[in-house]
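Here are a few notes on the model you sent over. Have a look at it first, then read on.

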Amino acid sequence: ESSAIVKSPPASAAVKEPAPPATIIEINPLANYPLAPGDTLDISVWKEEGLQEQQYLISPDGTIIFPLIGTVIAAGKTITELKDTLAARLADYISDPSVTVRLLNNQGNSIFVIGKVNKPGQVFSGRKIDVLQALSMAGGLTVYADEGSISVLRRIGNETKVFPFDYSDVIKGDELEQN
């Protein structure tokens with residue numbers, strides 16, 4: 001006679017259901033980036049010799065000059081919007097054009113930080129930044145800075161608007177909307 005010992009699983013070891021499938025969310029930080037004068041782009045049209053990996057600098061007036069179609073407004077558009085514009089205009093010359101646009105350098109999106117900061121000057125950013133981030137990128141405030149006397153100047157059309165910014169309030173978590 002043979003005997004077998006069968007162990008039953010402990011009561012706490014319940015059968016586990018498989019985990020739900022992972023949801024992958026692609027985050028593209030440049031998806032909504034508005035192109036600006038000074039930005040450098042790499043533009044290719046698939047299977048079109050002479051239109052492969054060409055670099056374009058967005059001019060101060062916000063345009064690029066593209067073969068076959070001429071002047072195209074790029075500033076203010078997202079990469080996807082520019083790609084769609086180029087494909088639509090190229091469709092008159094090329095059957096079903098497949099256009100790729102890549103941002104190589106975003107020197108067009110910049111701000112200037114002046115005053116009592118450790119590194120005054122031009123700050124480049126490929127995304128929207130708030131006042132604290134801009135001050136941080138400028139090396140922070142010096143010991144001589146008046147934290148309650150900071151102003152943000154923003155050009156809107158032909159106007160310049162002034163927005164007060166109280167550093168000490170924001171650091172304490174008060175009046176965060178000014179950031």
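1. Burial first: buried means under 20% relative accessible area, exposed over 50% and partly exposed in between, with a 1.4 Å probe and protein chains only. Thr 40 has 17% relative accessibility, so it counts as buried. Bear in mind that this is a predicted model, where local features need pLDDT of at least 70, side-chain atom pairs count only at pLDDT 80 or more, and totals for chains, interfaces and linings use all residues. Numbering runs from 1 along each chain as its sequence is written, and side-chain values use heavy atoms, with hydrogens and water left out.

2. Thr 40 sits in strand E1 (strands, E, are DSSP runs of at least two residues and helices, H or I, of at least four, numbered from the N terminus).

3. Now the rings: Phe, Tyr and Trp (its six-membered ring) pair if their centres lie within 6.5 Å, with planes under 30 degrees apart called stacked, over 60 edge-to-face and the rest tilted. That gives 1 aromatic pair. Tyr 56 and Phe 66 make a tilted one, 5.3 Å centre to centre with 35 degrees between the planes. Tyr 56 belongs to strand E2 (residues 54-57) and Phe 66 to strand E3 (residues 63-66), so the pair ties together parts 10 residues apart in sequence.
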